[in-house]
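This report goes through one protein chain, topic by topic. Keep the structure in view while reading.

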Amino acid sequence: MPSSNHKDLSVVPTGDQFFFPTNREYTTQLPGPNGDQRCAYLCGNSLGLLAKRSKALLEEELHVWGTRAVNGHFKHPHGREWMNIADTVTPLLAELVGAQEKEVACMGTLTANLHLMMSAFYKPTLTRFKILCEGKAFPSDQYAFTSQARLHGYDPAEAIIEMLPRYGEFTLRESDILDMIAKEGSSIALVIFSGVQYYTGQWFPIEAITNAAHAQGCICGWDLAHAIGNVPMALHDWNVDFAVWCSYKYLNSGPGGIGGLFIHDKWEADKAPQYAGWWGHDPVTRFSMPEKFSAIPGAQGFQQSNPSVLATVSLLGSLQVFKEVGMMGPLRERSVLLTGYLESLLVKSVFYVAPQLAAERYPPDGDETGTQKLQPAFTIITPHAPESRGAQLSLLFLPAGSNDMQEIFDYLLSKGVVGDERQPDVIRLAPAPLYNTKQDCERAVVALEQGLQSLVKRLCNPS
């Protein structure tokens with residue numbers, strides 16, 4: 001990434017390498033000349049945009065499929081033989097997460113990979129059987145933890161420790177997490193958090209939590225769905241035991257894109273796949289169809305079925321863009337500036353309430369004091385410190401239960417601003433450094449202000 005672009009947030013080094021929906025394409029509420037304006041798309045933490053490189057690669061593979069059919073597995077006009085298609089992305093994924101190539105596998109989907117990893121690493125005993133995680137983790141993770149506890153004969157209510165923020169706070173304190181590990185460590189089999197929490201946008205201190213877990217004899221794993229391609233990581237050096245991720249958010253692989261996993265090489269001799277599949281077999285003899293399974297050393301031995309070629313090359317197109325701009329170093333630098341710029345605009349709003357005052361003015365239990373109805377407002381529940389967040393700001397709309405969030409979300413869409421709604425009260429805005437600009441941030445804040453002003457007028461004059 002050219003250094004001249006680092007501080008000019010109006011210029012994106014990837015330029016026109018991504019497709020943006022226009023206002024007209026995304027919503028029918030913007031007729032006229034503004035209809036052809038591209039959306040201010042701040043939803044890459046939910047689904048990343050389509051890279052033009054990905055579209056071209058997909059079209060190439062469809063042509064190969066149509067002209068070479070099954071022979072595409074072994075002879076490919078572009079050198080991407082399908083039998084080795086995952087090899088095109090593995091080095092790039094390893095670089096993104098700070099791992100050796102043999103520690104990474106491009107495979108499956110997020111929750112399927114999580115179950116595979118828990119089958120290998122969650123080994124409860126009579127005295128050490130608990131799972132420590134953040135409260136209100138992404139539902140799929142919660143379902144996986146619950147079902148794994150039950151699978152081993154434990155009551156989830158007893159086996160799962162969910163940590164919640166202190167009263168009046170929105171994110172977990174690092175010290176509270178470390179204290180909990182120290183206190184309950186002898187009974188904890190697995191510590192597993194999100195790298196970046198999907199709802200609040202909090203970036204957990206991966207290395208510190210991992211070290212604390214290991215000091216108590218616990219296994220430590222991570223769900224990196226919102227972290228990969230968003231924040232820099234060094235999983236190998238941090239001694240993380242395992243991690244899983246999806247690729248359709250910041251990695252822009254497309255809806256339902258292929259997932260991935262990491263297993264530290266210290267486990268290579270100890271962890272054999274419990275649910276072995278054909279694609280995890282030694283590729284030298286894989287097509288000889290031997291009866292005995294011979295696992296590929298490392299994470300790739302956990303592969304089961306051959307990966308989707310179309311899903312993999314869609315991911316490859318985006319990863320090539322990552323590589324061209326220098327991967328996470330320069331992208332993180334730009335992300336800090338861009339997210340900070342969005343935050344600086346938001347806190348200037350007359351409707352903004354600082355997080356430390358939000359609970360005082362708008363109690364979490366919804367109780368109102370006095371006789372005057374509380375006016376609409378919002379706070380930012382994502383940590384202010386750059387080292388504790390990625391490219392996301394979560395806006396909590398106040399007062400709770402007012403349905404203001406939905407009205408504001410709809411208003412933003414009517415202005416071509418695309419964020420992400422999380423019921424009942426939160427809108428997430430994610431300025432992805434790979435393709436967003438300061439103008440996207442400005443459009444979002446202007447529309448937000450206008451929407452809140454419109455809401456206040458309607459409340460004051462309900463007729």
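## Nonpolar cores

Leu 93 touches Val 104, Cys 106, Ile 228, Trp 245, Leu 251, Leu 315 and Leu 319, leaving out residues up to four places away in sequence. The model in which these contacts are found is a predicted one. Leu 93 belongs to the largest nonpolar core, which has 99 residues. Within that core, Leu 93, Val 191, Trp 222 and Met 233 touch the most other members.

There is also a second, separate core of 32 residues. Among its members are Met 107, Ile 131, Ile 160 and Leu 190.

Helix α12 runs over residues 404–414. Of its 11 residues, 8 are buried, so the helix is largely enclosed by the rest of the structure. The buried ones are Asp 404, Met 405, Gln 406, Ile 408, Phe 409, Leu 412, Leu 413 and Ser 414. Which elements cover these buried residues? The cover includes the helices α1 (23–26) and α13, together with the strands β12 (393–398), β13 (417–418), β14 (420–422) and β15 (426–429). Just after α12, Gly 416 has a positive phi of about 80°.

The side chain of Glu 407 forms a salt bridge with that of Arg 458, at 2.7 Å from N to O.

## Other salt bridges

The count of salt bridges in the model comes to 16. One of them joins the side chains of Glu 59 and Lys 55, with 2.7 Å between N and O. Both residues lie in helix α2 (residues 52–68), 4 residues apart, which is about one turn of the helix. An α-helix has 3.6 residues a turn, so residues three or four places apart point the same way. Glu 59 is partly exposed at 43% relative accessible area, and Lys 55 is partly exposed at 36%.

A second example spans a longer stretch of sequence. Lys 323 forms a salt bridge with Glu 95, and the closest N and O atoms are 2.8 Å apart. Lys 323 is in helix α9 and Glu 95 is in helix α3 (residues 90–97), so the pair links parts of the chain that are 228 residues apart. Lys 323 is partly exposed at 41% relative accessibility, as is Glu 95 at 40%. Salt bridges can also form a network, as they do among Glu 60, Glu 61 and Arg 80.

## Aromatic pairs

The model has 15 aromatic pairs. A pair of aromatic rings is described by the distance of the centres and the angle of the planes. For Phe 18 and Tyr 435, the centres are 5.2 Å apart and the planes are at 55°, which makes the pair tilted. Phe 18 lies in strand β1 (residues 18–19) and Tyr 435 in the loop between β15 and α13, so the pair ties together parts that are 417 residues apart in sequence.

## Trp 278 and the annotated positions

Trp 278 lies in the loop between β10 (260–263) and α9 (309–324). Leaving aside neighbours within four places in sequence, Trp 278 is in contact with Arg 286, Phe 287, Met 289 and Gln 304. The backbone oxygen of Arg 286 lies 3.1 Å from a polar atom of the Trp 278 side chain. Trp 278 is partly exposed, at 36% relative accessibility.

An unreviewed UniProt entry annotates several residues as "binding site", including Trp 278, Asn 306, Leu 110 and Tyr 248. The annotated residues span 197 residues in sequence, and the farthest two C-alpha atoms are 30.6 Å apart, so they do not all gather at one spot. Asn 306 is found in the loop between β10 and α9 and is partly exposed, at 41% relative accessibility.

Note on methods
Residues numbered from 1 in each chain as written. Predicted model: local features only at pLDDT ≥ 70, side-chain atom pairs only at ≥ 80, totals over all residues. Heavy atoms only, no water. UniProt positions renumbered as here; feature names shortened; annotations may be inferred. Helix = DSSP H or I, 4+ residues; strand = E, 2+ residues; numbered from the N terminus. Buried < 20%, exposed > 50% of the residue type's maximum accessible area, 1.4 Å probe, protein only. Contact = heavy atoms within 4.5 Å. Polar contact = N/O pair within 3.5 Å; in protein donor to acceptor, adjacent residues only side chain to side chain. Salt bridge = Lys/Arg side-chain N within 4 Å of Asp/Glu carboxyl O. Core = buried A, V, L, I, M, F, W, Y, C linked by side-chain atoms within 4.5 Å. Phe/Tyr/Trp six-rings, centres within 6.5 Å; stacked < 30°, edge-to-face > 60°.
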